[in-house]
Amino acid sequence: MVMKTEISRGAVTAIDYVCRAGDDAAPYVELHEDYSVSYVRKGSFGYRARGESAEMVAGCIVVGRPGDEFVCTHDHKICGDECLSFHMTPAVAETLGTAAAWTTPTLPPLPELMVFGELAQASADGRSEIGLDEIGLLFAARFVDVVGERKRRAPLRVNAHDRRRAVAAALWIDAHAAEEIDLESTAAESELSPFHFLRVFGRVLGVTPHQYLVRSRLRRAARLLGEDDAPITDVALDVGFADLSNFVRTFHRAAGVSPRQFRQLAKGERKKLQERFGAPH
């Protein structure tokens, strides 16, 4: 069962998808009706489109293009997933960038996109003063920029057992992101050697376990920065960063702005980000 809540209307429409399908749900072919960029905020599912397959976990991005068929699978024994999806008209999609960006079916968890996904979620929840349509455009513009910077790589073949192990490990990392986690302890959770675990995780999810850990921490930090006025040092420590300088440097590299500037954006000070990413005013 999929529950959809339409949050805004116009050239950009935000839809909150909550899927409660389990591993007994039969997959079926669906169709994208418009251009969309969806942020996976919780759970996991398999996604097949344009001849490619990917395992989706928190922080991943699903890209829609009108007329494209896709199939979602739920074989991880995880009940459901949640996504915040921004749908836009062809005219809006064209203003954001090259058509080639919309041929990318999915993206792995990338810090450049996750921090804005969390800001979009804060806006949807009423925890940010920036408009949901505005952050939707900023999010989509950032997506187009990121795709333009990345080189497409041929997907690696992995078996179903490895996919399930990698997804389970990602969920475990996400749940323990504020703690001290290393490769050996995470591999032990998956009952694999560190080397085998590193190889399997990277092949399935497109990032290393440590990259996913850091990005889980960045997602939480973006959420906290939009929610309250806690000192930035406290935010850094709460999400698992050992020191402030490392957090500020990592967050700035991901978002293109400092944590303080990101908080200002969440409070409605949009001009700097509009200028930075070229999003429509």
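Helix α9 spans residues 244–255 and holds both F247 and F251, which sit four residues apart, about one turn of the helix. Helices here are DSSP runs of H or I with at least four residues, strands are runs of E with at least two, and both are numbered from the N terminus. This is a predicted model, in which local features need pLDDT of at least 70 and side-chain atom pairs count only at pLDDT 80 or more, while totals for chains, interfaces and linings use all residues. Residues are numbered from 1 along each chain as its sequence is written, and side-chain values use heavy atoms, leaving out hydrogens and water.

Back to those two phenylalanines: F247 and F251 are both buried, meaning under 20% relative accessible area with a 1.4 Å probe and protein chains only (exposed is over 50%, partly exposed in between). Together with F116, F241 and F262, they make up one aromatic cluster.

Let's look at the aromatic rings across the whole structure, where a search finds 11 aromatic pairs. Rings of Phe, Tyr and Trp (its six-membered ring) pair if their centres lie within 6.5 Å; planes under 30 degrees apart are stacked, over 60 edge-to-face, and the rest tilted. In one of these pairs, the ring centres of Y35 and W102 are 5.2 Å apart and the planes stand at 70°, so the pair is edge-to-face. It joins distant parts of the chain, since Y35 belongs to strand β4 (residues 35–43) and W102 to the loop between α1 (90–96) and β10 (106–107), 67 residues away. Y35 and W102 are both buried. Helix α2 (residues 111–124) and helix α3 (residues 132–149) have axes that come within 9 Å and cross at roughly 170°. The axes are lines fitted to C-alpha atoms over the stretch in contact, with angles running from 0 to 180 degrees between N-to-C directions.

Two strands pair if DSSP finds at least two bridges between them. Five bridges join β5 (residues 45–49) to β6 in the antiparallel sense, and R48 has S53 in β6 as its bridge partner.
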